[in-house]
Amino acid sequence: MADTRRPLSPHLQVYRWQVQMVTSILHRVTGVALAIGTLLIVAGLLSLASSEQSFAQFKALLGSPVGMLLMFGWSWALFYHLCNGIRHLVQDTGAGYAIPQFVRSSWLSVIASLLLVIATWAWVLMAGGAS
Amino acid sequence: MSADDLQHPIKRARGLGSAQSGVGHWWTQRVTAAALVVLAIWFVILVLGLLHADYASARAAVARPWNALLLIAFVVTAFWHAVLGLQVVIEDYVHTRWKEVSLLVAIKFLAALGALASVLAVLRIALGA
């Protein structure tokens, strides 16, 4: 720390939790998670380019319980960051800053991302599961 | 500032700002975000279509010209956007200068390697090498 005597703000622990805080924090968290998750895409492409055997290993890794959990988390992180990212792009035009609109669009991001992740995995299950 | 410099200090801060890079970071983050809205949705649909594909058909799908092109575009844009985002997170939370700079450089190296490895992999598949 360069200078710890500086005033520290905001004091998160004294705020009442609001959906706008959650969406903002989640946007960062999912962004970092997706950045790390991009390495999975690299691994998949490398295994596909390398050999049938290594691609089979990659698919087995994703099909394992830990792999499925990662894929589920990755898909939700992607859809959330996508929905909330579109929300931020709209807000960058100056629209939607009135507090009621801000709260409503926050909930919209969360709910839309959940609907998308449910729809995606329902489709996977109907297609005979992920393998 | 010399005595005959009549420029107000605020003038120096405006325009390109004190970091002299202007709104480049902010704007590039938005442009890559807009591209990723389309590319990420396309990528999810591609992967869902390949759920039960065997090795040969997965390779054939990646080798199709449009898929190869969009895959490269997706991965490069994703790493680019990731670096811009991670940079802000590191600048916000890492307050020891040498750690901050090391991390900023490390994520750029990693992202460049990841993007290049992906491009090389897609090209190998697309060109049948």
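Predicted model: local features only at pLDDT ≥ 70, side-chain atom pairs only at ≥ 80, totals over all residues.
A residue counts as buried here if 20 or more other C-beta atoms lie within 10 Å of its own. With it, buried residues make up 20% of the 129 residues in chain B. Chain A has 131 residues, and 20% of those count as buried.

Let's begin with chain A. If you put a box around its C-alpha atoms along the principal axes, the box is roughly 55 × 40 × 30 Å. What about contacts along the chain? Take the contacts in chain A with a separation of 6 or more: residues 24 or more positions apart account for 70% of them.

Now for chain B, which has 5 helices and 0 strands. From the N terminus on, its elements run α-α-α-α-α. Its radius of gyration is 21 Å, well over the 14 Å that the globule rule gives for 129 residues, so chain B too is more spread out than a compact globule. The C-alpha trace of chain B spans about 75 × 30 × 25 Å along its principal axes. Among its contacts between residues at least 6 apart in sequence, 72% join residues at least 24 apart.

Next, see how the two chains meet. The contact takes 28 residues from chain A and 27 residues from chain B. On the side of chain A that touches chain B, α1 (19-50), α2 (52-63), α3 (65-92) and α4 (99-126) each supply at least two residues. The largest share of that side, 12 residues, comes from α1(A). What kinds of residues are on this side of chain A? They divide into 20 nonpolar, 5 polar and 3 charged.

In soluble globular proteins, nonpolar side chains tend to be buried together. The largest nonpolar core in this model has 31 residues, and those with the most contacts inside it are Val75(B), Phe79(B) and Ala82(B). Both chains take part: α1 and α3 of chain A, together with α2 (24-49), α4 (65-93) and α5 (97-126) of chain B, each supply at least two residues of this core. Its largest share, 9 residues, comes from α4(B). Look at Val75(B) for a close-up: leaving out residues up to four places away in sequence, Val75(B) touches Ile41(A) from the other chain, along with Ala115(B) and Ser118(B).

Finally, have a look at Ala61(B), which lies in helix α3 (residues 55-63) of chain B. Is Ala61(B) buried or partly exposed? Ala61(B) has 17 C-beta neighbours inside 10 Å, so Ala61(B) counts as partly exposed. Setting aside neighbours within four places in sequence, Ala61(B) is in contact with Leu50(B), Ala53(B) and Asn67(B).

Terms used: Residues numbered from 1 in each chain as written. Chains lettered and ligands numbered in written order. Contact = placed C-beta atoms within 7 Å. Helix = DSSP H or I, 4+ residues; strand = E, 2+ residues; numbered from the N terminus. Nonpolar A, V, L, I, M, F, W, Y, C, P; charged D, E, K, R; others polar. Buried ≥ 20, exposed ≤ 12 C-beta atoms within 10 Å, placed from the backbone. Core = buried A, V, L, I, M, F, W, Y, C linked by C-beta atoms within 7 Å. Rg over C-alpha atoms; globule rule 2.2 N^0.38 Å.
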